[in-house]
Amino acid sequence: MKASWVAEQKTVESSLVSGAELFIQGLQNEKVDVVFGYPGGAVLPIYDALYKAEMKHVLTRHEQGAIHAAQGYARVTGKPGVVLATSGPGATNLVTGIADAMIDSIPLVIFTGQVATKVIGTDAFQEADIVGITMPITKHNYQVQKAEDLPRIMKEAFHIANTGRKGPVLIDIPKDIAVNQAPLKEVSDLHLPGYQPTMKPNILQVKRLNEALQVAKKPVLLTGAGVLAARAEEELLAFAEYYQIPVVQTLLGLGGFPADHPLCYGMAGMHGTYAANMALYDCDLLIGIGARFDDRLTGNLDHFAKKAVVAHIDIDPAEIGKNIPTEIPIVGCAKETLKALNQTQGEKSNFNDWVIQLSKYRSELPLTYKSNEKELKPQKLMEILHEVTKGAAIVSTDVGQHQMWAAQYYTFSTSNRWITSGGLGTMGFGFPAAIGAKVGRPDLPVIAVVGDGGFQMTLQELGVLQDWELPVIVVIVNNKSLGMVRQWQEIFYEKRYSHSLLDIQPDFVKLAAAYGIEGKRAENEEEVREALEAALSSKKPFVLDCAVTADENVYPMIAPGKGLHEMIGVRG
Amino acid sequence: MRRIISATVLNESGVLNRLTGLLTKRQFNIENITVGHTEDPAVSKVTLTVWVEDDRKAEQLVKQLHKQINILKVRDLTNMALVSRELALIKVLTTPDTRSEIKMLIEPFRATVLDVSLENVTLEVTGDSEKVDALIELLRPYGIKEISRTGLTAIPRGTQKKVLELHPYSIM
C-alpha cells in the first residue's frame, strides 16, 4: 500500500500540466474523436493545446453551425457531441443549438471560453454570463474555478450528458484556468448525490401494464425518441409483435419501429396519418414510450385519448403526468422497461378487430397528394429520394413544410437515420446537422433536406463541405417561400402573405460553385433522379436546387385548437 | 392552493439562481423563500411557499426541482404535520400615551421590544404566518412605519400521520 501511495505522489509532482492540457486529456479519457468549434481570444490556450494534440477539429463558419453539427453527430452515433467556442459572442451564438438539444434530449458537452477570473464581472471585452444565460436550457452547467477541478467536471459532464434523459451540459472555462498548472491525475469515481436516474422500472407498474393489456380491446403504442436514445428498437419490436399492438410514432421517434412493418401506422400529430391519429383518438389503452405528449402531437388535449387508460414509460419522471393524466406511470429507461415487459408477458390477447379497423384506415386513407406531370411535387421529391437511396440514407432536415414531407414520405425502416429539429423547430438546423452526421457516419449517404428559407440561415457551412470534401448532398426544396408560414397565412390569415415570400433568391448552383461544389437545378422528376444518382455515385458534395410546386400545402393537418379526429385535407 | 416545499441543495454558487430560474420558467410564483445552512455545511435547505393551481401542478413542481443536479431532495410539506415559523421585525409609531398600551397588546403574542426611540418602538415576533399577520393587523391603527419579514421556514414533525391518510401523488 505504502509503495503505491509514494508512486502516486511522484506522478502528481512530476506532471503538472496546464488546464488546456487537462482539457485534451479529459477529451481523450472520454474517447472523443472529433470537436466541432470556432476559435477566439478566450480559448487561445485551448486551441494551442488542440494544435499540439492533433485532435480532429471541424472548423465551422459560425458557432451555430458547430453546435448543430455536434447535434447531428450525436444523433447518429449515440455519443455526446463536443463543441468548443470562445467567450462572449462565440458562446451566445451557441444558444439556439443548446436550447434545441435540450428540448430534443440530445447529448452534448459544450466548452466555452470565458474572460480571466480576475476580470469576470467587470464587463470585460467579450464577456458574457453564459452560465447564467444557459441555465434554463442546459441539463447542467459549470464554470471552472480551479484548473485542478477540470478533470472531475469533465468526467461529470460527459456522464450527465449521456445518461438518464440525455441533454446538453456546458462547461465555461476562464482563460487563466486554461493556462494555470495543475496535477495530471486520474479522476476517481463520480460523486453526484443529486443525480441518480432511474433505469430499471418498478416491477409492480410493469405488472399493471401487462394486466391492462389483458383487458384492453384497442391498445396502441406511441413511440418517441426515447426508444432511439435507449437503443430499444429490438425490444419494442418483440413487445409489439408478441401482443400484436399497433404502433404509431412521434416525429422524433421515426425509425424506432420499421415503417414497413404491418403493425406500423405511421406518424401521429399535426401532420400525421389518418390511421395514426385515429388510433390515438379511439384507443382504450395508450402506451407512450419515450415520448413527451407535445402539443404538436396531441392537438387539443380535451379530445386526446379520452377513452384510454394511459400508461407512460419515460426515463424522466417529470414527463409523466405533465401534459396528460397517467394511470400507469413507469419511470425507467425504454430498453430496461421493454425487457421487463417482455419477460413478464401475460396471455396473448386478440386485438384483431382493432388492427383490422386501423389497417382499413391505412389502406383507404393513406397520405396522398395530387400528382401533376408538369410540376415537381415536393412529396414526389421525397419518394424519389427514398427510391434512389433505397431508404438507407441519413436524412437531416430543417423545419417547415419540407420537414413534414420528409417525415411523411421518406419512410424510415432503420433507426438513427432521421435527424430533425423537433421541439424547438430551428430553421438552419438541417444542413450543419447533416455535416455532423457525415462526420459521425462516413459510411452512409447523408442528405440534408432543407427549405430555401432555412438553408439561407446556415449556408456558410458549404465552406466545411469544401474544406473536408464531405459528400453531403444538399437537397433544397425550393418553393420560393417560407412554406409553412405561407401555408398558415393562406389558411388562417386570408392569404395575407406577410413577409413569407422569398422571390429574390441567390442562384444556389452558382453559390455552390463559388465554394467549389457541384450543383444543379432540377425542375422535374427526371432531373432530380438523374442528379441524385450522379451525386450519390460521385462521392462528392453536391447541391441540388429543386424547384417544387410553390403553393403546395402539407396535409393532412390538424388546425390549432382542434382534436386529433378533426383532421383536414385527409383526401389530399 | 398554497404549497410549502422544502428542498435540500448542495451549497454551491448559483444553486439558488437555478432553483428560482426553474420556477420562473415553469410559471410558478414564489410567495416567499428562505435559505440557510443545515447540520452539514456542504448542504443548504431552501423552504419556499408557492401558489399552484392543483395537485398536478404541485407534483410537476416537485419533479422539476428534483431533476436539478445539485438539488438533493425535494419534499412537499403541505400535507405533512409540520412546525413552521417566521420572524418579523415591526417598527410602530408611538406617543407617550400609546407606548405602554402597545406593550400590553403584544404580550399574548410573546413579541419582544428590541429598540425604543421617542417616536417609535421596534418589535420582534416569531410564529406561524397567521400569528404574525394577526399581530400586524392589531398594530396597524397605531401606524406601522416599517415591516421586515423573513418568510416561512419549516420542518416536519417527528411523528407523522399514517401514509394512507396523505393525499397520494400518481408518482413521486
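Between which two helices of chain A is the loop that holds Glu494(A)? Glu494(A) is placed in the loop that runs between helix 22 and helix 23 (508-514) of chain A, where helices (H or I, at least four residues) and strands (E, at least two) are DSSP runs numbered from the N terminus.

This is a predicted model, in which local features need pLDDT of at least 70 and side-chain atom pairs count only at pLDDT 80 or more, whereas totals for chains, interfaces and linings use all residues. Residues are numbered from 1 along each chain as its sequence is written, and chains are lettered from A and ligands numbered from 1 in the order in which they are written.

**Backbone features of chain A**

Most residues other than glycine have a negative phi, and most peptide bonds are trans. Glu494(A), although not a glycine, has a positive phi of about 50°, and with 7 C-beta neighbours inside 10 Å it counts as exposed. A residue is called buried if 20 or more other C-beta atoms lie within 10 Å of its own, exposed if 12 or fewer, and partly exposed in between, with C-beta atoms placed from the backbone. Lys480(A), also a residue other than glycine, has a positive phi near 50°; its place is in the loop between strand 18 (472-478) and helix 22 (483-492) of chain A. A cis peptide bond, with omega about -5°, joins Tyr555(A) and Pro556(A), and Pro556(A) lies in the segment after strand 20 (542-547) of chain A.

| Residue | Other C-beta atoms within 10 Å | Class |
|---|---|---|
| Lys480(A) | 16 C-beta atoms | partly exposed |
| Glu234(A) | 13 C-beta atoms | partly exposed |
| Thr122(B) | 17 C-beta atoms | partly exposed |

Glu234(A) belongs to helix 12 (residues 233-243) of chain A. Although Glu234(A) and Phe257(A) are 23 residues apart in sequence, their C-alpha atoms are 8.6 Å apart in space.

**A helix crossing in chain A**

The axes of helix 4 (residues 63-77) and helix 19 (residues 430-440), both of chain A, come within 6 Å and cross at roughly 45°; axes here are lines fitted to C-alpha atoms, for helices over the stretch in contact, and angles run from 0 to 180 degrees between N-to-C directions. The two helices of chain A, helix 4 and helix 19, are therefore oblique to each other, given that angles under 35 degrees count as roughly parallel, over 145 as roughly antiparallel, 65 to 115 as roughly perpendicular and the rest as oblique. Residues of helix 4 of chain A that make the contact include Gly65(A), His68(A), Tyr73(A) and Arg75(A), and those of helix 19 of chain A include Pro432(A), Ile435(A) and Val439(A), with two residues said to be in contact if their C-beta atoms, placed from the backbone, lie within 7 Å. By class, the contact of helix 4 with helix 19 of chain A has 10 nonpolar, seven polar and one charged residues. In this scheme Ala, Val, Leu, Ile, Met, Phe, Trp, Tyr, Cys and Pro count as nonpolar, Asp, Glu, Lys and Arg as charged, and the others, Gly among them, as polar.

**Chain B and its side towards chain A**

Chain B has four helices and nine strands, which follow the pattern β-α-β-β-α-β-β-α-β-β-α-β-β when read along the sequence. Its C-alpha trace spans about 60 × 40 × 30 Å along the principal axes, and buried residues make up 28% of the 172 residues in chain B. Among contacts in chain B between residues at least 6 apart in sequence, 72% join residues at least 24 apart.

Between the chains, 18 residues of chain B are in contact with 17 residues of chain A. Helix 1 (15-25), helix 2 (55-67) and strand 4 (71-76) of chain B each supply at least two residues of the side that touches chain A, and helix 2 of chain B gives the most, with six residues. By class, this side of chain B has five nonpolar, seven polar and six charged residues.

Within helix 2 of chain B, the buried residues include Ala58(B), Leu61(B) and Leu65(B), and the buried residues of this helix pack against strand 1 (2-10), helix 1, strand 3 (43-51) and strand 4 of chain B.

Thr122(B) has its place in strand 7 (residues 120-127) of chain B. Thr122(B) and Ile90(B) are 32 residues apart in sequence and 5.5 Å apart in space, C-alpha to C-alpha. Leaving aside neighbours within four places in sequence, Thr122(B) is in contact with Leu89(B), Lys91(B), Leu114(B) and Asp115(B).
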